[in-house]
Every structure is written in C-alpha cells, then in structure tokens.
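Dear colleague,

Please find the structure below.

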Amino acid sequence: MTLGDGTVRPGYEILQRWLSETPRDILELRRTEAELLFRRTGITFAVYGAADAEERIIPFDIIPRILTKAEWTTLERGLGQRVRAINAFLADIYGPGEIMKAGVVPQELIYRNPYYRPEMAGMKLPHGIHVMIAGIDIVRVDPNTFYVLEDNVRTPSGVSYMLENREVMMRLFPDLFADSRVAPVENYTDLLLATLKSAAPPVAPSEPTVALLTPGPYNSAYYEHSFLADRLGIELVEGRDLIVRDDFVHMRTTEGLKRVDVLYRRLDDDYLDPLTFRPDSTLGVPGLMDVYRAGNVTLANAVGTGVADDKAVYSYMPEVIRFYLGEDPILHNVPTHRCREPEALAYVLDRLDELVVKEVSGSGGYGMLIGPAADKATRDLFAKKIAANPADFIAQPTLALSTSPTFVDSGIAPRHVDLRPFVLAGADRIRVVPGGLTRVALREGSLVVNSSQGGGTKDTWVLDA
Amino acid sequence: MLSRTADNLYWLARYIERADNSARILDAANRLTAMPVAYAGSSNEWESAVSATGKLAEFRTLYPEANAVTVVDYLGFSKANPSSIRMCLETARSNARAVRSALTAVMWEAINGAWLDLRKFDRGKAFDRAGLDAFLSFVKEAALRLDGSAYRTMLRTDAYWFFKLGVMIERADSTARILDVKYHVLLPENAQVGGSLDYFQWSSILRTVSAVTAYHWVYRESLKPWLVADLLMLNAQMPRSLASCYDSIVETLDLIARAYGRQGPAQRLARSIRTGLANVDITQIFQRGLHESLIDFIDQNGRLGAAVAEQYLS
C-alpha cells in the first residue's frame with residue numbers, strides 16, 4: 001500500500017483513510033457478514049481428496065486490491081497482445097508450423113506435448129480463433145514491473161469470484177464506492193456472451209444457440225458453471241443432455257431436440273468425446289468431434305489449446321510474441337530456466353534452495369517445489385525427480401511478490417497477492433473487463449495463493465481516474 | 001427447457017412429497033398405538049404403516065419384527081430404503097443442487113435447510129413420543145416450506161409446471177396409499193366393525209391428511225367409512241383428494257401442451273383418469289371393493305408417471 005519512502009501509493013489514499021477511521025470491530029462485523037452472504041448464495045468449491053468437506057467457501061478478504069488507471073492500461077494492452085499471439089501460435093502449430101520451421105520453438109516441445117491434439121492438425125476453425133477465454137496470472141514484483149506467471153487457456157476458472165466479490169463489496173461498503181471511481185466489472189457476462197456468439201460457425205443462424213457444458217455437480221468449479229449459465233441466460237448442459245444427429249449436436253429438451261451452435265465447454269479435452277479421446281469418459285458426447293470437424297459447432301475454447309499454456313512453452317512466449325506480431329512483449333515472463341537444456345539443468349540442480357521448481361504439466365500449486373521453504377530431504381528427493389525427467393520441469397527465481405493489506409487475525413497485515421484478469425477474444429475484437437480475480441496467500445510469508453492450499457480472494461479495483 | 005432439468009424438478013418435488021407422506025403415515029401409526037390399552041387388540045399398526053408404503057416384503061427381509069423402533073428406522077432413516085425420509089431429503093437436495101439455477105433462492109434454502117437440519121434428528125437411537133413428534137413436524141414443515149416457496153416465488157413457466165406435476169402425481173399416490181392403510185389394519189377378531197376401534201382407525205386416517213375439520217364441514221355427520229373414502233377420493237373440493245389432484249394434473253399438463261403447442265399421450269391418459277374418477281360414486285367403489293379400486297388407481301397413476309417421463313423427461 002505504501003511506496004518505498006513511506007508515502008501512500010497512488011490510488012490507495014481513500015483506502016488508507018477508510019482503514020484508519022474504521023474501528024476494528026466494524027471490520028470484523030463486515031467480514032462475518034461477507035461470509036454469511038457467500039454461504040447463503042452457496043458459493044462453494046470442492047477440494048479434491050478432502051472427503052469431509054464436499055463444499056467449502058473460499059476465504060474472502062474485505063480489503064480491496066487497487067490498481068490505478070495507468071497501471072491497468074498497460075496491463076490491458078499487454079494482455080491483449082499476449083492472447084493475440086497465443087491464437088496466432090495455435091493456428092500455426094496446428095497449421096503450417098512456421099514457428100517450428102523457423103527454429104524458434106523446438107518441434108518436439110509441440111509434438112510430444114501431452115496437450116497437443118493430432119486430431120486438430122490441419123483443421124480450419126471458424127474465424128481462426130482457438131482461445132476465446134483466457135485467464136492470465138500476473139504478479140507484481142516492484143512498483144513498475146508486472147510478470148506473467150502463467151497463461152490459462154484451457155478452461156480457466158475463477159471469474160465468478162470476481163463478479164461475486166464485487167457484489168458483496170458493494171452491498172457491504174456502498175459509501176466506499178460512492179467515494180471512489182471504481183470501474184465496473186458487472187458487464188463481463190454480456191461481453192462473454194457477445195464473444196461466444198461472434199465465434200459461432202458460419203452455418204449457425206444469426207442468433208446462435210449457446211450452451212455451457214459442465215462435467216456436473218461433482219466438479220470443483222460446478223458452482224461457477226451454474227452461476228455463469230444463469231447470468232448468460234444459457235442452458236447448463238451435461239454430456240448426457242447432448243446427442244449427435246445428422247452431423248449436428250443437439251440438446252434434449254422437453255420440446256424435443258434443439259440444435260446447439262456454440263459450446264462453452266468447461267470439460268477437459270480428454271473427456272469431450274469417448275469416440276475420439278478417453279473411451280471410458282461418461283461426461284462427454286459421443287461423436288462431438290465429428291460435428292466439430294465438420295465445422296458445425298464451435299467449442300470454446302478449441303480442442304488442443306493446452307499446448308499454449310504448458311509451462312515449458314510458456315518460457316518461449318516472448319519469442320512467440322515477437323515472431324507473430326513483430327512487437328516487443330509488453331508484459332514480461334518470469335525469468336525461467338528450462339531444465340530440458342543441459343546448462344539450465346545444471347544451474348537449477350545447483351541452486352534448488354533458492355528456486356521454485358514446477359512440473360510443466362502441473363496446476364493448482366500441486367507438484368511444485370519452493371526451494372527456500374523446503375528442507376534438504378525434500379529438495380534431494382525433488383532433485384532426483386528432475387534429473388530423471390528434466391524436460392518435465394522448469395525453474396524460476398523466488399519472486400519478491402507484492403503484498404496487499406489484508407485483514408487477518410492479528411489485524412491488518414501485508415499478504416502476498418497475484419491477479420488473474422480474464423481476456424475475451426472474439427471474432428470481432430478482444431475484450432477485457434477492468435479487474436480480475438485477486439488471490440491472496442492468507443498464511444504469513446506464504447507465496448501459494450491457490451484456493452486448494454489456503455488462499456483467499458479479494459475484490460480488485462481499477463480506478464477510473 | 002432441458003429434459004434433465006425438468007426431470008430433476010419433477011423428482012425433487014416427488015421426493016419431498018414422499019417424505020411428507022412417510023411422515024404422515026408414521027404419525028398415523030403413532031396415533032393408533034397411542035389409544036387406550038383397552039382398545040388395543042393384537043395391534044399391527046406399525047406393520048400397516050409399512051404396508052401403506054407398499055414395501056412390506058422388503059421390510060421383512062431387513063427387520064425381525066415391526067415395532068416403533070424398526071418402522072421409524074425404516075421409514076425415517078434407513079439407507080436401504082430409497083424412500084425413507086432421510087433418503088428422500090438427500091435425493092431431493094442432490095437433485096436441487098444439480099438444477100440450482102432453475103430454482104428460486106428461497107426454494108434452495110428450504111431444501112438445503114431441511115437437509116442440514118435433518119442431522120439433528122438422526123442420532124441413531126430410538127425416539128420417545130415427543131422426539132418422534134418433533135421429527136415428524138420438522139418433515140411436514142419442510143415440505144410445506146418448499147411447496148409454499150415454489151408457489152410464491154417461481155415464474156409460471158414449464159419449470160413450475162413440472163415441479164407441480166411431481167407434487168400432484170406423488171400426492172395422489174400417497175392419498176390412495178394412506179386410505180389403503182385401513183385395508184391393512186385388520187381389526188382384531190373380537191372387535192366389531194363400526195365399533196370404537198374401527199372409528200378410531202378411520203379418524204386417524206383423516207388426521208393423517210389434516211382433514212378432520214374438512215370432513216365435518218362437508219358431511220356434517222359422524223364418521224362413516226364410505227364418506228371418508230368419498231372425501232379423499234372423489235371430492236374435488238378436498239385438496240388432497242384423487243379428484244382434486246387430477247384436476248390439477250390435467251390443468252398443468254394442458255398448460256405445458258399449450259406452451260409447447262402439442263398434446264400427447266400424457267394429456268390423454270390424465271384426462272381419462274380424471275373422467276374415470278368423475279363418473280363413479282362411492283357406493284360403486286365399495287361394491288367393487290375399496291382396496292381393489294385403490295390398487296387400480298395407484299397402477300393408473302403410475303402409468304401416467306411413465307407417460308410423462310416418456311414424453312418430456314428423457
């Protein structure tokens with residue numbers, strides 16, 4: 001909240017005044033009210049492997065995280081640039097493969113990537129867009145530097161928290177909003193619907209039918225799926241609601257079969273179609289890929305986008321941006337050592353105690369070593385794993401992540417935060433709502449913000465002026 | 001709307017109605033056993049409660065005898081019985097969870113709240129009389145709350161109609177079954193038909209469906225078995241009667257047909273069942289046999305359920 005010299009950072013003045021004027025018991029009362037609101041609306045998530053807690057609430061911090069207009073403008077440009085490049089990259093690797101021919105990205109990194117889908121090779125997508133919805137994880141390391149931590153371009157989640165956090169904040173602190181000019185995020189679902197419709201296949205009617213495909217109520221993000229379907233005014237379908245007939249996909253309704261033109265799918269590639277991918281999947285739709293290949297349905301996001309958010313490919317993103325757009329990256333990567341390169345491997349194994357090591361296919365904070373926090377035995381064990389399959393790992397320096405004032409048991413204290421803005425890429429243009437999901441590591445000193453591992457969320461304010 | 005959504009709403013309504021029905025049947029059995037010892041013959045009220053749910057054979061494979069403890073366990077809490085109150089509330093809640101966006105917030109709160117509160121009652125030990133009363137009131141109130149919140153807050157679209165269809169089809173089934181209990185509670189050999197015990201049994205059936213006052217308003221007579229049957233089967237003013245349920249079912253199916261622009265087998269079958277109820281009087285029913293008539297109705301009602309499922313829910 002403050003700059004190095006102790007002055008309050010621009011944008012935080014109102015918050016500073018509010019926090020100094022509001023007695024602690026009022027803050028506690030508001031926090032309790034916020035939790036009640038979340039519990040009543042049923043905003044929950046499931047933690048895999050926690051049998052006793054089928055439904056939990058993500059802790060919510062009532063102190064917002066603030067970004068100035070100037071900061072946001074840079075972020076917004078950088079995010080748009082990154083998603084444009086990712087789309088060009090995907091169209092290329094499933095098409096002519098220029099970037100590999102040019103030797104910018106090694107071929108085996110693509111073709112041997114677990115998320116590469118040979119079924120997509122040579123396929124023409126309507127409007128050529130692969131990624132329509134992206135969640136880009138950003139961290140701030142000093143007042144002027146934002147790093148992209150991770151691109152999420154498969155089925156990014158968390159946007160319902162961005163929307164609900166704002167609603168709860170507006171109910172609890174209406175005065176605070178009256179005093180600040182906070183850019184609205186409420187129109188996200190309108191923008192999402194416009195984006196999805198713009199990507200409809202050419203055979204679709206002018207008002208295409210959009211549906212959200214969910215794995216079902218036992219999925220950890222099911223709440224978000226039903227929340228979004230509700231806000232978008234579209235049907236929330238499961239695989240068993242859909243059926244392929246005459247080269248089109250239909251949903252079973254009380255009035256008979258109804259054609260679906262765009263599927264906003266929150267189901268992983270592997271489960272989409274048992275005839276093409278995992279034959280044991282009961283969550284998907286037999287024959288869906290045939291309809292897709294025939295160009296009669298749009299899947300958002302496209303199949304096989306996982307190649308682009310793989311942690312190994314991530315390290316090539318600056319080159320990818322330069323290659324397709326001829327521009328310098330506006331947002332930087334965290335300096336990344338690719339263990340696949342012998343020099344980097346030696347460097348990493350030598351400095352495990354100061355690095356963060358990640359499995360290239362891992363997500364949710366699982367399969368990760370935080371060197372400085374681990375003991376020697378854990379590090380040695382991890383070293384063996386890395387040495388056995390170096391290509392599966394990347395390493396990054398431990399970052400001096402920025403902190404944000406957070407209301408914890410001991411009072412108001414700094415806690416590490418990251419930010420996931422959501423980028424929408426339609427056939428017409430790119431849309432980003434000003435804000436995103438701020439995740440906060442509630443444990444003192446912790447850098448892990450994942451909700452499955454003790455992270456919480458905050459409302460994110462982009463000030464209009 | 002999605003067939004699965006309609007199916008979930010329909011069954012959610014049926015399961016809550018079924019839980020209410022089980023609570024009422026337990027209540028009836030509890031009342032019957034509460035009468036003065038002098039009246040009690042070789043009492044089989046608890047067994048009759050199980051018969052009324054149509055599950056006596058299964059019950060006998062699970063418990064050595066029918067008494068307050070085993071029957072309350074079976075109809076109230078057993079996981080082996082998919083229609084026990086606990087299983088009904090659990091199934092209803094998981095159906096509700098799968099179609100959250102088709103429900104209003106108060107409906108969700110009614111179901112979720114009932115499901116959460118259920119734990120207070122399920123302590124795995126026998127109830128005393130007051131404890132059982134409290135549990136049964138809780139179940140009936142939960143059903144009332146869901147019904148009321150649907151009535152007050154749902155848009156009048158197909159979602160509401162499928163919900164209502166579930167309530168009415170299940171309610172018709174349960175009214176027929178409750179009335180049929182009387183058939184299963186055989187009078188002890190030394191008791192007189194039309195005697196005190198008989199009287200007590202008929203009145204407890206009326207109490208089960210909260211219709212004692214209604215009976216006196218409609219007939220202005222002392223309790224007569226055929227009038228009780230008339231009230232619960234043929235009297236369209238009585239909201240739980242088969243005739244009233246079928247008026248509602250026909251009306252609801254017509255609303256659906258109008259909205260979708262198409263009539264089908266479900267509409268035709270519902271109308272024919274309603275006509276059947278309109279064209280018979282209670283004397284004819286008793287001549288044919290009350291039990292036989294009720295079994296026949298339960299079967300027809302089941303066929304309507306199948307027709308609705310075939311036409312809309314799959």
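A salt bridge is a side-chain nitrogen of Lys or Arg within 4 Å of a carboxyl oxygen of Asp or Glu. By that criterion, the side chains of Arg18(B) and Glu170(B) form a salt bridge, with an N to O distance of 2.8 Å. This pair links distant parts of the chain, as Arg18(B) belongs to helix α1 of chain B and Glu170(B) to helix α8 of chain B, 152 residues apart. Helices (H or I, at least four residues) and strands (E, at least two) are DSSP runs, numbered from the N terminus.

Please note that this is a predicted model, in which local features need pLDDT of at least 70, side-chain atom pairs count only at pLDDT 80 or more, and totals for chains, interfaces and linings use all residues. Residues are numbered from 1 along each chain as its sequence is written, chains are lettered from A and ligands numbered from 1 in the order in which they are written, and side-chain values use heavy atoms, with hydrogens and water left out.

Salt bridges within the chains

Are Arg18(B) and Glu170(B) buried or exposed? Buried means under 20% relative accessible area, exposed over 50%, and partly exposed in between (1.4 Å probe, protein chains only). Arg18(B) is buried because its relative accessible area is 19%, and Glu170(B) is buried at 1%.

The side chains of Glu17(B) and Arg171(B) also meet in a salt bridge, at 2.8 Å from N to O. Here too the pair links distant parts of the chain: Glu17(B) lies in helix α1 (residues 3-33) of chain B and Arg171(B) in helix α8 (residues 158-184) of chain B, 154 residues apart. Glu17(B) is buried, with a relative accessible area of 5%, and Arg171(B) is buried, with 13%.

In chain A, Asp380(A) forms a salt bridge with Lys376(A), where the closest N and O atoms are 2.9 Å apart. Both residues lie in helix α16 (residues 376-388) of chain A, 4 residues apart, which is about one turn of the helix. An α-helix has 3.6 residues a turn, so residues three or four places apart point the same way. Asp380(A) is partly exposed at 37%, whereas Lys376(A) is exposed at 53%. Over all chains, the structure holds 48 salt bridges.

The contact between chain A and chain B

How many residues does each chain give to the contact? Chain A gives 20 residues and chain B gives 18, where contact means heavy atoms within 4.5 Å. The area buried between the two chains is about 1700 Å², of which carbon and sulfur atoms give 41%; buried area is the accessible area (1.4 Å probe) that two parts lose on being put together, summed over both. There are 2 salt bridges between chain A and chain B. Arg4(B) forms a salt bridge with Glu238(A), with the closest N and O atoms 3.1 Å apart. On the side of chain A that touches chain B, the elements that give two or more residues are α2 (24-41), α9 (222-232), β5 (235-237) and β7 (248-253) of chain A.

A buried threonine

Thr305(A) is located in the loop between β10 (298-300) and α12 (306-309) of chain A. Thr305(A) is buried, with a relative accessible area of 1%. Leaving out residues up to four places away in sequence, Thr305(A) touches Leu90(A), His130(A), Val131(A), Val153(A) and Arg154(A).

Yours sincerely
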